[in-house]
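Let's take a look at the charged pairs in this protein, and then at a stretch of its strands. Have the coordinates open as you read.

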Amino acid sequence: MRYLLYGVLYLFSLASTAYCPSQGFASPPSTGMEEVNLVQLKEELEALKAEQDTLKQRMEHNEGKIQGVERALRSLSGESVTPVEEKAAPPEGKKERLERRIERLEDMAGKMFLLEPVEEIKRVKEWVCPEGHIYDHPGKDNLCHLCGKPQKERTALRKYKYARKESVSDLIGAMLEEEFKKRVAVGMSATGIMQQLTNSHTKDSTFAQGSFDLFFLHRPMFNSTLFLNLEAIGGGGPDRFVLSQSGLNDDASRGSTQDSDGVDRVSVREAWLQSIFMKDRLRLIGGKLDLTNYFDLNAVANDETTQFIASAFVNNPALEPPVNGPGMVAYFDTKRGYSFGLGLQSADNSGTAVTDRVYGIAELDYYAPRFLFGLGGNYRLWGRYNGDTLSRAIGISLDQQLTQRLTSFARYGITSHTTSRITPGAGTEDKKREGEKEWAWSLGLGMRSPFSFRKFDHTALAFSQLKRVDGRKEDVAEAYYSFFLTDHLSLSLNSQLLFNSPVSDAEDEDPLATFGLRFQMDF
């Protein structure tokens with residue numbers, strides 16, 4: 001009862017504070033929030049109206065564009081719609097009209113494509129770790145992204161089956177590519193060399209020499225290549241006057257193909273067939289070969305048309321390969337950095353008694369990806385036997401990157417003979433060996449992009465020494481700079497120094513010097 005009385009008194013106090021005899025019940029005080037909400041609603045409404053107007057304008061603008069594209073597609077597809085047909089169409093809203101036109105555009109565009117299911121089997125490279133994690137790209141330092149174990153590269157075949165829109169141009173391109181595979185690819189290389197000889201007693205001191213090569217390439221069957229090289233050479237270079245064993249012009253070392261009447265003749269330099277087996281690991285080549293294309297290779301000194309001109313730098317003088325003739329080469333690549341090569345060739349190009357006096361060579365190659373300064377290098381060890389001169393030789397050839405632009409190279413070869421060392425003026429059989437080398441070595445540096453504004457130029461410097469079986473030594477140094485002109489043209493400046501040349505009467509005579517210019521064109 002007491003609590004009920006307290007409640008009645010509390011209600012009575014509230015009623016007395018809320019009611020005033022002159023004003024009645026009092027209303028709660030106003031805060032102005034209602035006015036603020038109304039202003040915000042008006043602003044949002046105006047913004048929506050402005051956005052609606054913008055969308056309307058864009059729709060009208062896009063409608064005009066669609067009409068233009070529709071007219072262009074009609075003209076391409078040969079369709080025509082008369083104004084009467086357009087007027088006869090029932091009235092419809094803008095949205096429905098746009099949807100209808102989009103459908104027609106898609107239908108017209110679809111007529112320009114051939115929709116065909118496509119199945120393709122592609123050869124792809126994968127990188128897999130011992131845990132079986134497979135990626136389409138190698139990880140950092142060839143380590144797996146997940147487990148950190150070393151990855152191995154492998155080749156796999158994957159079948160892709162899907163439906164796609166294949167345009168007519170794609171089909172034509174595929175047909176042309178297939179037709180191209182059945183044809184013969186033709187290439188061309190032309191080299192022109194001019195050399196000025198100084199400090200020489202010879203009457204002729206300026207020499208011009210040039211060579212022209214035509215290459216024919218064809219794929220007669222799967223994993224096989226047929227290659228043919230036709231060559232014409234004019235001019236002999238300074239070697240026929242200097243009689244250097246180092247060879248001041250290797251491009252002319254094969255001899256001029258000009259007749260006595262000055263007419264240039266064409267000869268078959270190479271003609272061979274190559275077949276590939278065991279997932280591109282084994283290569284077999286047979287035909288008329290140039291063994292220097294497969295053995296004693298070098299990244300810095302191996303090409304007389306773009307690198308050093310002297311024969312002492314193109315290949316090791318102790319290699320003494322025979323002239324191009326019938327032979328075969330087997331080359332096996334383990335795909336793990338190691339590779340092996342074996343070559344056999346007849347001593348001459350006569351085609352008779354090809355198994356007599358055979359020249360044989362074997363080589364072991366190793367590519368070290370991070371051997372020095374974290375950069376790659378190639379290391380080769382070869383041994384050969386010359387059945388014509390009954391001599392054996394062993395040698396090495398290496399090239400190692402020192403920086404991203406600078407590469408060093410070195411070669412060494414030593415020869416052993418079945419008979420004792422000879423002296424000049426010996427018998428007929430020994431005279432046949434007077435030109436052979438007892439040992440030879442060379443080293444040098446090559447640089448790409450020597451200047452920031454000449455990114456495709458390259459230059460190199462090298463020194464070589466050889467000792468003949470008659471005890472005479474010969475030294476040669478060479479430097480060149482190759483200017484990049486276009487993708488097909490280059491120009492090189494060349495200089496050589498020849499010490500202790502055969503035309504010198506004394507070893508302290510001034511060295512012979514040559515200054516040359518080489519022009520190279522490839523297509």
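Which residues are linked in a network of salt bridges? They are Glu 231, Arg 269 and Asp 290. Here a salt bridge means a side-chain nitrogen of Lys or Arg within 4 Å of a carboxyl oxygen of Asp or Glu.

A quick word on the ground rules: this is a predicted model, so local features need pLDDT of at least 70, side-chain atom pairs count only at pLDDT 80 or more, and totals for chains, interfaces and linings use all residues. Residues are numbered from 1 along each chain as its sequence is written, and side-chain values use heavy atoms, with hydrogens and water left out.

**Salt bridges**

Searching the whole structure turns up 14 salt bridges.

| Lys 149 | Glu 131 | 2.4 Å |

Take Lys 149 and Glu 131, which form a salt bridge. Lys 149 sits in the loop between strands E4 (134–135) and E5 (152–167), and Glu 131 in the loop between strand E3 (113–128) and E4, so the pair ties together parts that are 18 residues apart in sequence. Helices (H or I, at least four residues) and strands (E, at least two) are DSSP runs, numbered from the N terminus. Lys 149 has 33% relative accessibility and counts as partly exposed; Glu 131, at 45%, counts as partly exposed too. For accessibility, buried is under 20% relative accessible area, exposed is over 50%, and partly exposed is in between (1.4 Å probe, protein chains only).

**Around strand E20**

Strand E20 (residues 489–499) has a covered face with Ser 490, Ser 492, Asn 494, Gln 496 and Leu 498. Its uncovered face holds Leu 489, Leu 491, Leu 493, Ser 495, Leu 497 and Phe 499. In a regular strand, side chains alternate between the two faces of the sheet.

E20 pairs antiparallel with strand E19 (residues 473–484) over 10 bridges; two strands pair if DSSP finds at least two bridges between them. E19 and E20 make a hairpin with four residues between them, and Ala 477 has Leu 497 in E20 as its bridge partner. E20 also runs antiparallel to strand E21 (residues 512–522), joined by 10 bridges. There, Asn 494 has Gly 516 in E21 as its bridge partner.
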